[in-house]
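Visitor: I am new to this structure. Please walk me through some of its parts.

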Amino acid sequence: MPASPSTARALNDRLALRLLQQQGPLTAGQLKQLTGLSRPTVADLVDRLTASGLITVVGESGEQRRGPNARLYGIVADRAHLAALDVRTEGVFVLVSDLVGRVRAEASVPIGGDTGTGPAVEQAVAAVESALKEAGADRLHTVGIGAPGLIDPATGDLRDSAGLPAWHRRLAAALQDRLPGARVTVENETNLAALAEQREGAARDRDTFVLLWLGHGVGAAVVLDGTLRRGASGGTGEIGFLPVPGTSGLPSATDCDGGFHSLTGAAAVVALAGECGLPVPAAPDGPGAAEAVRGAVAEVGSVEAARGVVTGAETVRGTVAEVGAGEGAVDDRPASRFLRALADRIAVGAASVVAVLDPGCVVLGGEVGQAGGAVLAELVRERLGRMSPLATEVRASGLGGAAVLRGALLTARERAQDDLFTPPER
């Protein structure tokens, strides 16, 4: 059935706003060309959106002829402010942006493991309030939180998970109480990282891929046909529990020890570095594991640099050849042994994911994936190619440590725009 006039107006308004979001300021003439709408219809929607405070004149185009069509219209960025949080075991990273995603303020606060739940929540909320004040904003429209653990698909709440601080679960409710009117949402950190990689990072050209998160813990995010898949209970990607060869036992319903986590979690990576004769970082956590991997990559890469190998793809191929990507590798330096063994471990879990989903692309994220970069990704690709008949690219994260924050911001911005760009019922 044909749309009613009010529905047609709403659709046209949202289309115009999306174009202004994606392309920046446009003239009425450009909106007419991009939307295919008539000149009177575009004039009406511009008047409506201006009157509602969503768009305003931000300048003039370079056209010689002056007039209404030469005015550049843009979204009123200060119409709403957004916050994004990356919640870690050891603290919180915060940023505040305007409606078009420009970052106005950033903050971070370390939270020690011996901090009580109440004080920890207060420190995190205070960091958000401080960033909001620094941004010069009075209130937040939407808050997006990225945190480790399972999200209950029915309630949207973070589930109680063994090994995660209790203050994680209290934070969303505390922010809702302290930020009147704000919409607070929580999402699994790996899922947010995958959304960011899909929009802005290593998977921009892919509508189907898997992000393998390698950090303090291990997880995965699954994007199929452009859609993030969460599963019936929100547990899609909990591959730390995946039974794999090479561990001392099997995981249980409450403990992922014995699963893929035992091979590739931060503590396992740090222990592997020590077994291969590399210096052992002080802390067996995500940053410590990343330090070990980054040092190994730098050591094996320095050999190729000394030989004058060109940068880019040839450097990666040369470094991987130096480490020993194929059978019968002869490089026995500790760093090379470590990277080979780590790639073997990662490929074991990746092969199971590939066998079930055939995503065509695996992105290595988290602190370890970021530290390993293209060298570790190529080593994993080579090993995966020997284990699976399904052609699969393996790429390093394009956003690194910023992926969770970017995903939280993108999610908050979309939800705020869905609200603000929808005209009220008449």
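Visitor: Where is the place of D225?

Guide: First, a word on the model. It is predicted, so to speak of local features pLDDT must be at least 70, side-chain atom pairs count only at pLDDT 80 or more, and totals for chains, interfaces and linings use all residues. Residues are numbered from 1 along each chain as its sequence is written, and side-chain values use heavy atoms, with hydrogens and water left out. Helices (H or I, at least four residues) and strands (E, at least two) are DSSP runs, numbered from the N terminus. D225 sits in the loop between strand 10 (218-224) and strand 11 (227-229).

Visitor: What phi does D225 have?

Guide: Most residues other than glycine have a negative phi. D225 is not a glycine, yet its phi is positive, at about 55°.

Visitor: Is D225 buried or exposed?

Guide: Buried means under 20% relative accessible area, exposed over 50%, and partly exposed in between (1.4 Å probe, protein chains only). D225 has a relative accessible area of 60%. That makes D225 exposed.

Visitor: Where is D358 found, and how does its accessibility count?

Guide: D358 is another residue that is not a glycine but has a positive phi, about 45°. D358 is in the loop between helix 11 and strand 12 (361-365). Its relative accessibility is 42%, so D358 counts as partly exposed.

Visitor: Which residues of helix 11 meet helix 8?

Guide: Two packed helices are described by the angle between their axes and the distance between the axes. Axes are lines fitted to C-alpha atoms, for helices over the stretch in contact, and angles run from 0 to 180 degrees between N-to-C directions. The axes of helix 8 (residues 266-275) and helix 11 come within 9 Å and cross at roughly 145°. Contact means heavy atoms within 4.5 Å; A268, V269, L272, A273 and E275 of helix 8 meet F338, A341, L342 and R345.

Visitor: How many nonpolar residues does the contact of helix 8 with helix 11 have?

Guide: Ala, Val, Leu, Ile, Met, Phe, Trp, Tyr, Cys and Pro count as nonpolar, Asp, Glu, Lys and Arg as charged, and the others, Gly among them, as polar. The contact of helix 8 with helix 11 has no polar and two charged residues. Its nonpolar residues number seven.

Visitor: At what angle do helix 6 and helix 13 pack?

Guide: The axes of helix 6 (residues 189-200) and helix 13 (residues 403-420) are 7 Å apart. Helix 6 is roughly perpendicular to helix 13; angles under 35 degrees count as roughly parallel, over 145 as roughly antiparallel, 65 to 115 as roughly perpendicular and the rest as oblique. The contact has eight nonpolar, two polar and six charged residues. The packing angle is about 80°.

Visitor: Which strands stand at the edges of the open sheet of three strands?

Guide: Two strands pair if DSSP finds at least two bridges between them. This sheet has the order 1-3-2, with antiparallel pairing. Each edge strand has a single partner strand, so one side of each is left without a neighbour in the sheet: strand 1 (26-27) and strand 2 (55-60).

Visitor: Which helix packs on the sheet?

Guide: The helix touches strand 1, strand 2 and strand 3. Its direction makes about 90° with that of strand 3. It is helix 1 (residues 5-23).

Visitor: Which residues does D13 touch?

Guide: D13 lies in helix 1. D13 counts as buried because its relative accessibility is 6%. Not counting residues up to four places away in sequence, D13 touches L45, R48 and L49.

Visitor: How many residues of strand 4 are buried?

Guide: In a regular strand the side chains alternate between the two faces of the sheet. H81, A83, L85 and V87 point one way from strand 4, L82, A84, D86 and R88 point the other way, and all are buried. For strand 4 (residues 81-88), the count is eight of eight.

Visitor: Which strand runs parallel to strand 4?

Guide: Strand 4 pairs with strand 5 (residues 91-98) in the antiparallel sense over eight bridges, and a hairpin of two residues joins them. The parallel partner is joined to strand 4 by five bridges, and A83 stands opposite V143 there. That partner is strand 7 (residues 142-147).
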